[in-house]
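Thanks, everyone. I have one model to walk through today. Let me put it up.

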Amino acid sequence: PAMKLGGILSSRLPNALLVHRVPHGHADQRFFSLDRMLRTLTLFVLLSYSSLLQTTLSILSCYEVGNLRVLADAPAIQCKGDEYERWSSAATVVLLPLLALFPVLLFGALVWLRRRHKLYNAKTSERIASLDVRWGVLYENYKPNCFWWEPFILVRRFVLTLIFVLMRGQEQLLSSFALTIISFIFFCVSWFAQPFNSKYENVLEVLSMGLLVMIGIAVQAYYGGALTDARQPIELSLSIFVVVVTVCLASST
């Protein structure tokens with residue numbers, strides 16, 4: 001349950017939904033507005049990303065049960081046969097590469113727009129209203145120097161979901177340790193970047209990632225009895241270090 005809660009935290013609603021508003025005076029009031037449709041479509045894609053990623057990875061997540069290899073999400077389904085091969089091939093060749101490339105392409109598009117001064121005014125650093133109405137949902141909630149944060153969030157979801165799903169059938173201690181270390185790295189990035197315009201949202205971001213780190217530590221403590229004598233000092237020391245740094249950084253936010 002703790003690992004599943006960690007997966008939910010890693011795929012929470014896009015941060016872009018927190019305070020997005022269509023700029024007053026620039027919104028098209030027609031019922032069928034291209035600007036509104038593109039903005040809604042962008043939000044829909046951001047909302048669907050985590051679910052589509054988890055569904056795609058679950059097709060590839062199998063583990064051994066006796067002499068059989070079955071799906072982690074549906075143990076009644078064996079990871080073999082023509083039908084499974086078709087689905088797994090589609091997930092591996094088409095869906096997974098597209099999901100991995102999407103944040104990269106989105107980051108490239110935002111960088112290109114930023115360099116052409118399409119996102120912010122070069123002199124005042126204010127957002128360009130003409131583009132803000134359609135695509136502002138991707139960057140309007142963040143500081144100008146953190147316009148890339150939405151693609152970063154997608155990368156974070158991809159990595160955490162990849163660990164959470166593909167290591168589901170592995171040793172709980174190993175998967176929780178990997179989740180803890182990766183979450184701690186993202187926690188540190190969030191703390192140093194402080195990407196949001198609002199201090200309140202920055203606090204929520206740091207606390208949510210800090211909570212994910214603590215969940216990983218709690219799972220390790222729960223399964224700590226499975227540690228061997230050789231591994232216990234190393235993982236225990238790293239866990240204590242992660243807890244101390246997380247608490248210090250979160251308290252200073």
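First, a working term: a contact means heavy atoms within 4.5 Å. With that in hand, which residues does tyrosine 139 touch, not counting residues up to four places away in sequence? They are Leu110, Leu119, Tyr120, Arg127, Ile128, Leu131, Asp132 and Phe147.

Some ground rules. This is a predicted model, where local features need pLDDT of at least 70, side-chain atom pairs count only at pLDDT 80 or more, and totals for chains, interfaces and linings use all residues. Residues are numbered from 1 along each chain as its sequence is written, and side-chain values use heavy atoms, with hydrogens and water left out.

Now confidence. pLDDT is the predictor's confidence in each residue, from 0 to 100. The protein chain averages 76. At least 70 is reached by 72% of the residues. Elements here are DSSP runs numbered from the N terminus: helices are H or I, at least four residues, and strands are E, at least two. Helix α1, residues 2–10, has the lowest mean pLDDT among the elements, 47. The highest, 90, belongs to α3. Residues 1–27 stay under 50 in pLDDT. For that stretch the model has 64 contacts beyond four places in sequence. Residues 226–230 are also below 50. There the model has three contacts beyond near neighbours in sequence.

On to packing. Buried means under 20% relative accessible area, exposed is over 50%, and partly exposed is in between, with a 1.4 Å probe and protein chains only. A nonpolar core is a set of buried Ala, Val, Leu, Ile, Met, Phe, Trp, Tyr and Cys residues joined through side-chain atoms within 4.5 Å. The largest one has 22 residues. Which of them touch the most other members? Leu53, Leu119, Leu138, Tyr139 and Phe147 do. Two or more residues each come from α2 (34–60), α3 (82–115) and α5 (149–166). The largest share, six residues, is from α3.

Helix α5 deserves a moment. It has 18 residues and reaches 25 Å from first C-alpha to last. That is close to the expected 26 Å, the expected span being 1.5 Å times one less than the number of residues. Of those 18 residues, 14 are buried, so α5 is largely enclosed by the rest of the structure.

Next, the rings. Rings of Phe, Tyr and Trp (its six-membered ring) pair if their centres lie within 6.5 Å; planes under 30 degrees apart count as stacked, over 60 as edge-to-face and the rest as tilted. How many aromatic pairs does a search of the whole structure find? Eight. Take phenylalanine 152 and phenylalanine 186: the centres are 5.6 Å apart and the planes at 80 degrees, so this pair is edge-to-face. Phenylalanine 152 sits in α5 and phenylalanine 186 in α6, residues 172–193, so the pair ties together parts 34 residues apart in sequence. Phenylalanine 152 is buried at 15% relative accessibility, and phenylalanine 186 is buried at 9%. Now phenylalanine 184 and phenylalanine 187: with centres 6.4 Å apart and planes at 20 degrees, the pair is stacked. They are three residues apart in α6, about one helical turn. Phenylalanine 184 is buried at 11%, and phenylalanine 187 at 0%. One aromatic cluster is formed by Trp148, Trp149, Phe152 and Phe186.

Then the charges. A salt bridge is a side-chain nitrogen of Lys or Arg within 4 Å of a carboxyl oxygen of Asp or Glu. The count is two. One joins glutamate 140 and arginine 39, at 2.6 Å, N to O. Glutamate 140 is in the loop between α4 (129–135) and α5, and arginine 39 is in α2, so the pair ties together parts 101 residues apart in sequence. Glutamate 140 is buried at 5%, and arginine 39 at 9%. Arginine 156 forms a salt bridge with glutamate 205, the closest N and O atoms being 2.6 Å apart. Arginine 156 lies in α5 and glutamate 205 in α7, residues 199–222, so this pair ties together parts 49 residues apart. Arginine 156 is buried at 4%, and glutamate 205 at 1%.

Last item. Serine 176 lies in α6 and is buried, at 0% relative accessibility. Serine 176 and isoleucine 217 are 41 residues apart in sequence, and 7.6 Å apart in space, C-alpha to C-alpha.
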